[in-house]
Amino acid sequence: MALGRPSPLQLLGLLSILLFHPFNTISTSTTTPTTDVRLSIIRKPFQDIPAFREAPAFRNGDLCGSPQTDRIHVAMTLDANYLRGTMAAILSILQHSTCPENVYFHFLCARLEPDLVSSLKSTFPYLNFKVYRFDSNRVRGKISKSIRQALDQPLNYARIYLAQIIPPDVDRIIYIDSDIIVVDDIGKLWEVDLGDKAVAAPEYCHANFTTYFTNAFWSDSSLTKTYQGRNPCYFNTGVMVIDVDLWREKGYTQKIEYWMEVQKQKRIYHLGSLPPFLLVFAGNIKAVDHRWNQHGLGGDNLEGKCRNLHPGPISLLHWSGKGKPWLRLDSRKPCNVDHLWAPYDLYRSLTLHFEE
């Protein structure tokens, strides 16, 4: 029996069935029985997990060493709310790396969700990575309310425990936030000479350091003496090269936890995980060229207003602050700098499309 072109009402009924029928598979494609109209459904792998296009494969250059002996370890957090940023960051790192096959990713997540792992594998089939569960109980009772709710999430504190989570044979690692884009070879950052320092990061000594702590801190000499013998400067913890062995040896996790406990007793700062890092490390890090953290592109922590790029060369763009590029682009109110992030966006925005 020949099938003619369905009426608009029939198409509407078919569309209703497709949209509201509970699918059990990750993806499916359905075609109407006509030769002129095809309806395709692209399903998200999980209700809260965005769908992404598959990234191209990136291969090592001729001068690269073995992926087993010359690995570059990169750590990031993995969360459904920031997954779109994470995917863009991964793509940018691989795309600009001379030795992309040598880059090994370590992802910290609050829950080992199979859908997050599946999304990573399907988007980057050749990616070298491992996912670790960060036990949120480690920071329960230690987190003090800050000026922005996103800063109070337990996963935001996972970097403090990185040295205790990753394998003991990893002696150096680069930690980066999920709202960054790397536009240079990350191998250059990996090769930074830390000397006798446990942390290397861009340092900003022109910033007003006093604003990161309350009057209750600065008026208490028993607290301010922590900076004796140091010239403390602000640094952003969203990009750090870490000597993991030295971190473990010096017990820096416990030292940061100490200041989190002080904060619970006497409010000495307003931001989330940054101030305890500053209390332990400010004035005692290896300074890295500012090009490796063009931060603040997300504006401040309250309004997230647009900001311009700082003058000078750029190797890494960082949308720290309230405004995230994918949210501003989706709202059709992007800042100029957000268009620098857009080419790395692998998000598949259309879950339903028609092909004529």
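Which side chains meet in a salt bridge at 3.4 Å, N to O? They are those of Asp 177 and Arg 159. A salt bridge here is a side-chain nitrogen of Lys or Arg within 4 Å of a carboxyl oxygen of Asp or Glu.

This is a predicted model, in which local features need pLDDT of at least 70 and side-chain atom pairs count only at pLDDT 80 or more, while totals for chains, interfaces and linings use all residues. Residues are numbered from 1 along each chain as its sequence is written, and side-chain values use heavy atoms, leaving out hydrogens and water.

By the salt-bridge rule, the count comes to 12. Side chains of opposite charge can pair when their charged atoms come close.

Asp 177 and Arg 159 are both buried, where buried means under 20% relative accessible area, exposed over 50%, and partly exposed in between (1.4 Å probe, protein chains only).

The loop between β5 and β6 also holds Asp 179, whose side chain meets that of Lys 324 in a salt bridge of 2.5 Å, N to O. This pair links distant parts of the chain, 145 residues apart, with Lys 324 in the loop between β11 (316-318) and α11 (325-330). Helices (H or I, at least four residues) and strands (E, at least two) are DSSP runs, numbered from the N terminus. Lys 324 is buried, at a relative accessible area of 6%, and Asp 179 is buried, at 6%.

Helix α11 contains Arg 328, 10 residues apart from Asp 338 in helix α12 (residues 338-341). Finally, a network of salt bridges links Arg 84, Asp 330 and Asp 345.
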